[in-house]
Amino acid sequence: MKVITKSITSYYYYYELHDSGQPVIEILKVTDDTYRSGVIGINEIIFVLQGKCELTCDIYPPTTIREKESIFVPTGSHFHATSQKDSEIIIFRLDPLQKLHGFYSVEDLYTEAQHHDFPEDAGKLEINEIMNTYLATLADYIKNGVNHYVLYEIKIKELLLILNAYYKKQHLCYFFRPVLNNDFIFASFVLKNWENAKNAKELAELAAYSEAAFNKKFKKVFGTTPYKWINEKRATQILYTITNTDKPLKQIADEYNFGSQQQFNDYCLRNFKQTPGNIRTQ
């Protein structure tokens with residue numbers, strides 16, 4: 001898909017089940033000096049393949065990302081970015097948080113970061129030869145309209161593999177430093193364990209929090225209540241299972257603890273505006 005504005009051509013891919021309203025992978029071809037500004041709605045990794053980008057952000061001093069460099073900008077950051085004419089930039093928008101680190105656990109990086117004193121500047125990461133080849137191939141796919149979610153699921157996993165296999169652990173700590181904190185550890189725990197709990201109260205018990213303290217911490221980290229968040233995650237899972245598996249609908253209803261097929265139908269009508277049978281047919 002391609003969108004043309006006065007000074008920028010954007011090629012992008014929307015990842016299925018992504019609900020941020022922004023493309024997960026976007027290629028920007030800058031045809032004149034241009035800028036964008038606002039609040040980062042979801043974690044961004046910005047790769048500059050050609051040209052340069054001047055970034056002013058509330059979590060970093062003003063910095064320049066030059067050709068063959070990348071930077072990580074976390075959710076909620078206020079920013080202003082100016083891109084040089086003829087620049088080419090690839091942006092990845094990634095969630096949930098644990099997807100950032102692939103083989104290294106969040107705890108590993110958090111623990112490693114405690115052993116280093118990093119400067120307060122932006123932790124830029126060089127685009128090495130392996131990463132450059134990967135990005136060039138990805139850009140060709142998107143520009144040529146190869147647009148299938150299976151391919152892009154694989155390419156996102158490949159990005160994480162390259163980060164872990166071809167970059168030093170210390171450098172990844174520096175790069176992802178803005179989110180390596182206690183809130184990040186809490187978020188990682190929730191993302192790993194929410195499916196093991198029937199409700200927010202059980203999840204709080206697993207985390208060894210009182211229910212009130214857990215709800216307060218959850219609202220601070222995720223920006224919503226645990227009840228609403230768990231319901232939305234479960235709805236996403238159910239929709240995916242209906243549309244992307246061959247499991248009988250009765251089996252899906254049983255797996256998600258619906259008391260009857262009618263309860264399952266009512267749930268789908270309430271959340272997806274269609275019965276499970278109609279969802280699968282379409």
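## Ground rules and confidence

Because the model is predicted, local features need pLDDT of at least 70 and side-chain atom pairs count only at pLDDT 80 or more, while totals for chains, interfaces and linings use all residues. Residues are numbered from 1 along each chain as its sequence is written, and side-chain values use heavy atoms, with hydrogens and water left out.

The chain's mean pLDDT (the predictor's confidence in each residue, from 0 to 100) is 84, and 90% of the residues reach 70 or more.

## Overall build

The chain has 11 helices and 11 strands. These are DSSP runs numbered from the N terminus: helices are H or I with at least four residues, strands are E with at least two.

For 282 residues, a compact globule would have a radius of gyration near 19 Å, and the chain's 21 Å agrees with that. The radius is taken over C-alpha atoms, and the globule rule is 2.2 Å times the number of residues to the power 0.38. Along the principal axes, the C-alpha atoms fill a box of roughly 60 × 45 × 35 Å.

S4 and strand S9 (residues 78–83) pair in the antiparallel sense over 6 bridges. Val 39 has His 78 in S9 as its bridge partner.

## The second largest pocket

Of the 20 residues lining the second largest pocket, Lys 198, Ile 230, Asn 231, Arg 234 and Tyr 256 are the closest to its centre. Here a pocket is, on a 1 Å grid over the protein atoms alone, an open set of points where a 1.4 Å probe fits, with protein on both sides within 12 Å along at least five of seven lines; lining residues have an atom within 4 Å of a point.

Helix H8 (226–244) and helix H10 (261–272) each give two or more residues to this lining, and H8 gives the most, with 7.

Key
Pairing = 2+ DSSP bridges.
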